[in-house]
Amino acid sequence: MVLGLFRPKPVSPRLERLHSLFLFVNLTPAELAIVDGLLHERDYCADEVIFDEGEEGQAIYIVLEGRVAIRRDNDGEPMVLAEMESGAVFGDVALLNNAPRLAQARAATPCRLAVFFREDFMVLLDTHARIASKISLQIARTLANRLRDVRIAPQTTQHL
């Protein structure tokens with residue numbers, strides 16, 4: 001009977017889902033529960049703007065359901081840079097830097113997002129530095145991978 005006291009608590013489907021995201025994959029169940037308490041869920045209608053290009057970045061977003069289009073203005077015409085589906089994380093630089101957004105995020109379909117505000121992340125830095133450092137490291141890894149994926153077109157040389 002005493003052994004029953006030490007069984008791990010069942011993990012909720014939401015926490016399992018969050019743990020599967022690259023951003024939180026290195027967190028323990030207890031750490032993940034702390035972060036989960038800081039996340040806010042938001043529902044968006046199809047074609048609703050989540051954030052605009054040029055706005056100050058104040059949050060990171062996790063797609064729980066639906067799809068989000070990341071768009072940029074191209075001479076007055078919107079150009080879709082990427083589509084984020086369930087499980088995708090976008091706007092991640094906003095946790096580290098409150099610089100203006102480089103693109104617009106718009107709901108491509110009705111969607112539900114988890115939002116992690118920069119202000120809450122800063123509190124996490126003060127109260128649970130280990131958790132915040134694990135998340136920051138994952139963001140840094142993602143940014144490094146993005147930089148590695150950038151392909152520079154070879155320069156054409158003209159022979160005179």
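Let me start with a single residue. At 79% relative accessibility, Asp 75 counts as exposed, because the cut-off for that word is over 50%. This is a predicted model, by the way, and that holds for the whole talk.

Asp 75 sits in the loop that joins strand 4, residues 68–74, to strand 5. Its phi is near 55°, which is a positive value in a residue other than glycine. Asp 47 is another case: phi there is near 75°, again positive and again not in a glycine. You will find Asp 47 in the loop between strand 1, residues 40–44, and strand 2.

In what order do the four strands of the open sheet run? The order is 2-7-4-5, with antiparallel pairing. Strand 2, residues 49–51, and strand 5, residues 77–84, are the edge strands, and each of them pairs on one side only. From one strand to the next, the twist averages 35°. Take strand 2 and strand 7, residues 104–107, as an example: they pair in the antiparallel sense over two bridges. Within that pair, Val 49 stands opposite Arg 106 of strand 7.

Now the helices. Two packed helices are described by the angle between their axes and the distance between the axes. For helix 2, residues 29–36, and helix 4, residues 129–149, the axes come within 11 Å and cross at roughly 85°. An angle of 65 to 115 degrees counts as roughly perpendicular, so helix 2 and helix 4 are roughly perpendicular to each other.

Which residues meet there? From helix 2 we have Glu 31, Ile 34 and Val 35; from helix 4, Arg 130, Ile 131, Lys 134 and Ile 135. By class, this contact has four nonpolar, no polar and three charged residues.

Leaving aside neighbours within four places in sequence, Val 35 is in contact with Phe 24, Leu 27, Phe 116, Leu 124, Ile 131 and Ile 135.

That brings us to the interior. In soluble globular proteins, nonpolar side chains tend to be buried together. Here the largest nonpolar core has 22 residues, and those touching the most other members are Phe 24, Val 35, Phe 116, Leu 124 and Ile 135. Several elements each supply at least two residues of this core, including helix 1, strand 3 and strand 8. Helix 4 gives the largest share, four residues. Apart from this core lies another, of 17 residues, among them Tyr 61, Val 68, Phe 90 and Ala 103.

Terms used:
Residues numbered from 1 in each chain as written. Predicted model: local features only at pLDDT ≥ 70, side-chain atom pairs only at ≥ 80, totals over all residues. Heavy atoms only, no water. Axes fitted to C-alpha atoms, helices over the stretch in contact; angles between N-to-C directions. Parallel < 35°, antiparallel > 145°, perpendicular 65-115°, else oblique. Contact = heavy atoms within 4.5 Å. Nonpolar A, V, L, I, M, F, W, Y, C, P; charged D, E, K, R; others polar. Pairing = 2+ DSSP bridges. Buried < 20%, exposed > 50% of the residue type's maximum accessible area, 1.4 Å probe, protein only. Core = buried A, V, L, I, M, F, W, Y, C linked by side-chain atoms within 4.5 Å.
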